[in-house]
Number of protein chains: 2
Amino acid sequence: MALVVQKFGGTSVADAERIREVADHVRRSKERGDEVVLVISAMGKETDELLTLAAAVSKTRPGREMDMLITAGERKACALVCMALHDMGIAADSFTGKQAGFATDNNHGNAKIIDVYPTRVQTALKANRVAVVAGSQGANTAEDDTFLGRGGSDTTAVALALALNADACELYTDVSGVFTTDPRVCPDARKLTSITFEELLEMTAVGCPKPAMRSVEVAQNYGVKLHIRSAFTWEQGTWVVKGDSSMEQPIIRSVTPDTTEAKITVSKVADRPGVAAALFQELAAAGVNVDMIVQNASADGITDISFTVPEEDLTLASEITHKVANNIGAKNVAADPQIARISLVGAGMKSHPGVAAKMFETLSKNNINIEMISTSPIRISCIIRQHEATTATQALHEAFGLSA
Amino acid sequence: MALVVQKFGGTSVADAERIREVADHVRRSKERGDEVVLVISAMGKETDELLTLAAAVSKTRPGREMDMLITAGERKACALVCMALHDMGIAADSFTGKQAGFATDNNHGNAKIIDVYPTRVQTALKANRVAVVAGSQGANTAEDDTFLGRGGSDTTAVALALALNADACELYTDVSGVFTTDPRVCPDARKLTSITFEELLEMTAVGCPKPAMRSVEVAQNYGVKLHIRSAFTWEQGTWVVKGDSSMEQPIIRSVTPDTTEAKITVSKVADRPGVAAALFQELAAAGVNVDMIVQNASADGITDISFTVPEEDLTLASEITHKVANNIGAKNVAADPQIARISLVGAGMKSHPGVAAKMFETLSKNNINIEMISTSPIRISCIIRQHEATTATQALHEAFGLSA
């Protein structure tokens, strides 16, 4: 008998039928003898709808009130899942973040969990009841509801698994696990049975539709066993495990294409201290999430700076960059949304220095020009033209022997 | 400077524009120097939509989970109203029923208020902030959310006005007050500037679209000053006052037509003890809300029993009545949805014995047959054919001098 935390959200609980499917899965888990704790986030697009409503009502969005509004979505979904379970003869209780013991800081909209005291969840389990916990929420010391932010339900699930010392934390999504690449791009992409935390973190960092990075970090830090799997096919997914240096690790785990970013290049910047800081401080203050930053080698004290931002932030980021460029005497600012980032991720890369060379060679053979390069110990990312993303992904998937 | 509790719900907060209208009204109230506490119920048809969703998910409706679901609607509306207030530069805080100090019993779906400890509301007021309280909800001793039932927001407003010792409790609706009759039936219907609690209770009891009876009873018992007014025209409405026997009271306040009921007649029942009990106990057990009951004078130990039920309960009530009729040896059961109830309400009626006679005479002059009669000290109701309701209402409104 295992204690399992199962997290469902969005499309998995989008309507009455999906909610009944989730309840039926819980029934099967119970029949196998497992104890189940559910973490549920809002139905379908409900969080987006609430944000749209708030925007229609007010330009001002006080954090406390936004959290009162947004956390209502998870409450609804939890109550409905409980009803579906009762309907199948399974006793269940819904718990808000506060009732489940999630104590957070006061940072409304993006609250951090301080601690979890899941007394009521444990009482429910002892009484052989399923505990259904509202995701991404808690309460501060004033007993006000706080929202952990988008994707916070993954963090709720991991934190609860940790607090309950659960045997596993299952994150149900609309994909059946982590693949060697996007199966829509490469039909012969393989599902990975396991992956290390480090690898998954590099993938989530480059736009792979995977668990919230924050939840993976918590799971990694505290050794929570994660299982990423599908709420539509219910098949075994991908386990996330601790990297084990004693084992021979595959060099490359996956090829990850990402076409959601855009590039900004500032030309002919004076190469002196403080120039980069001036720009990126302004961008950070405006909440623009800058990702890759590349500064070319300086020639005659003049350099170019390129960086990527999410495509939806391009207009704002361009405006800010133009303003700063004027101040620092840069010559030109170019915005370019037509880019793709192709990343290779693999923990084995650390001990195989030839990976980058092979990647560049493969792209070159396919006449694909590399515009920017950035690397981590277990990842190499190249910025290329967006229309070449499919060719690049297929070529790399083949070249590194990832095909089935 | 007055402390005013203002209650808005349903159509008054149906969309972003209406919510901003409510906020603007609060701004004007504050400018006049009033302290304002708001009670907000769910937007538009949201409660109905949540009930529909629950029905799609599950046949089982555990009370605790239904309350978790339904109370989410009020939370959303409160948060949005707060945002609209902030947008107008008015500091405001939303409070759930629990946060506003509503302690209730465990009767989920129809919880009773045990006491109100509005500490956080008072703190907000002291800081010159508008307190925005979620209607129709509280928490039980287990700290679970409880729902006070449909129309419970009126009760929240009255209970809060009482706990805060407010100067007035304003219930905003989509009509501009209490009228001498339905203005759609009689164009010369007049709005009443004041009405007694007893009169309003008789009106709410006969289907007039007025505050929840429970809230009026609480206001009457504890002397809370009620003001029923419009959230669309913002004009002065109708004040509900304590009946004052020292004042000359108008004989008749209003003519109230109600076409939402149906009639069931059981013929040739043995006139012996226990027969009526057998029938009405079964109906009560099935949750059918029986209203008027008339039993004719017995002839030869055989009698007829007629009663009215809400039209939507007619099928269920008929089935039960047929079953019981068989058991008690009654000859026939007739169901009739084509009825109307016309009521005259007025506290002055007590000291004017001729009212009933004048009512019957007026109906007779218009060739309208009376099928059932029931009376209270301040109300006379007659059941007539439904298609005669308009004629009857107009004739009585004229005969009792209620026209403008």
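Copies are superposed by least squares on the C-alpha atoms of residues with pLDDT of at least 70 in both. In this predicted model, chain A is brought onto chain B by a rotation of 180° with 0.1 Å of shift along the rotation axis, at an RMSD of 0.2 Å. This is the relation of a two-fold axis. Within chain A, the C-alpha nearest the axis belongs to Ala72(A), at 2.6 Å from it. Both copies use the same surface, since 100% of the contact residues of chain A recur in chain B.

Chain B contains an open sheet of four strands in the order β15-β16-β14-β17, with antiparallel pairing. The edges are formed by β15 (293-295) and β17 (332-336) of chain B; each has a single partner strand, so one side of each is left without a neighbour in the sheet. From one strand to the next, the twist averages 15°. Strand β14 of chain B, comprising residues 261-270, is joined to β17(B) by five bridges, and the two run antiparallel. Ile264(B) stands opposite Ala335(B), a residue of β17(B).

Two helices of chain B contact this sheet. Helix α8 (residues 275-285) of chain B packs on the sheet and touches β14, β15 and β16 (302-310) of chain B. The direction of helix α8 makes about 15° with that of β16(B). Helix α9 of chain B, spanning residues 314-328, lies across β14, β16 and β17 of chain B, and runs at about 5° to β14(B).

Notes. Residues are numbered from 1 along each chain as its sequence is written. Chains are lettered from A and ligands numbered from 1 in the order in which they are written. This is a predicted model: local features need pLDDT of at least 70, side-chain atom pairs count only at pLDDT 80 or more; totals for chains, interfaces and linings use all residues. Side-chain values use heavy atoms; hydrogens and water are left out. Contact means heavy atoms within 4.5 Å. Two strands pair if DSSP finds at least two bridges between them. Axes are lines fitted to C-alpha atoms, for helices over the stretch in contact, and angles run from 0 to 180 degrees between N-to-C directions.
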